[in-house]
Amino acid sequence: MEQEHNHEYWMRQAIAEALKAQELGEVPIGAVIVHHNEIIGRGYNLRETTKDGTAHAEIVAIRQASEHLDAWRLLDCRLYVTLEPCPMCAGAIVQSRVPQIIYGTTDPKAGCAGTLMNLLQEPRFNHQTEVIPNVLQSDCSSLLTDFFRQLRKKTKGGNPA
């Protein structure tokens, strides 16, 4: 099967990255950057592990892809991420000139690919990114819902009141 534009195939790769974050106790968000049918950047949420508020899946993947291409412009690339990008990540995507992002589920608290605002397609910027939402939406949403459900159980179980 041709994988080049099989968004579900590549989103499953991003989900695999999200599971790595979950294993570390991080919020399970994952991203991959695909260039000419090859993953050149992988990332998953590492904020707690690194104590770095910028260690979002997309930022980690962008840094890796830029290193791979030896360029800050990620032209001819697609970014797959399990959760709609936040303002910081949307800004990084625009600044990196990523032409297309595909995300799994919306983020009602910080989504900047159309939910709260759309920084990726802001016409006043010198670059706009095509957005394809809701690929494997239920899988991506369940990752987060299950994670936070388990976290609440641990918090309630660990706090005798």
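Colleague: Into which classes do the residues lining the second largest pocket divide, and what makes a residue count as nonpolar, polar or charged?

Modeller: In this predicted model, that lining holds three nonpolar, four polar and two charged residues. The lining includes L143, F147 and L151; Leu and Phe are on the nonpolar list, so these count as nonpolar. D146 and K154 also line the pocket, and they count as charged because Asp and Lys are listed so. G25 is in the lining too, and Gly falls among the polar residues by definition.

Colleague: Which element gives the most to this lining?

Modeller: Helix α5 does, with seven residues. The space in this pocket is about 190 Å³.

Colleague: What makes β3 and β4 a pair, and in which sense do they run?

Modeller: Pairing needs at least two bridges. β3 and β4 are joined by five, so they qualify as a pair, and they run parallel. Y80 stands opposite I102 in β4.

Colleague: Why is the unit of β3, α4 and β4 called right-handed?

Modeller: The unit is a right-handed β-α-β unit, a term used because, with the strands pointing away from the viewer, the path over the helix runs clockwise.

Colleague: Which residues of α4 are called buried, and what is the cut-off?

Modeller: They are C89, A90, A92, I93 and V94; buried means under 20% relative accessible area. Their cover includes α3, β3 and β4.

Notes:
Residues numbered from 1 in each chain as written. Predicted model: local features only at pLDDT ≥ 70, side-chain atom pairs only at ≥ 80, totals over all residues. Heavy atoms only, no water. Buried < 20%, exposed > 50% of the residue type's maximum accessible area, 1.4 Å probe, protein only. Helix = DSSP H or I, 4+ residues; strand = E, 2+ residues; numbered from the N terminus. Contact = heavy atoms within 4.5 Å. 1 Å grid on protein atoms, 1.4 Å probe; cavity = no way out; pocket = protein on both sides within 12 Å on 5 of 7 lines; lining within 4 Å. Points joined across faces, edges and corners; volume = space filled by probe spheres on them.
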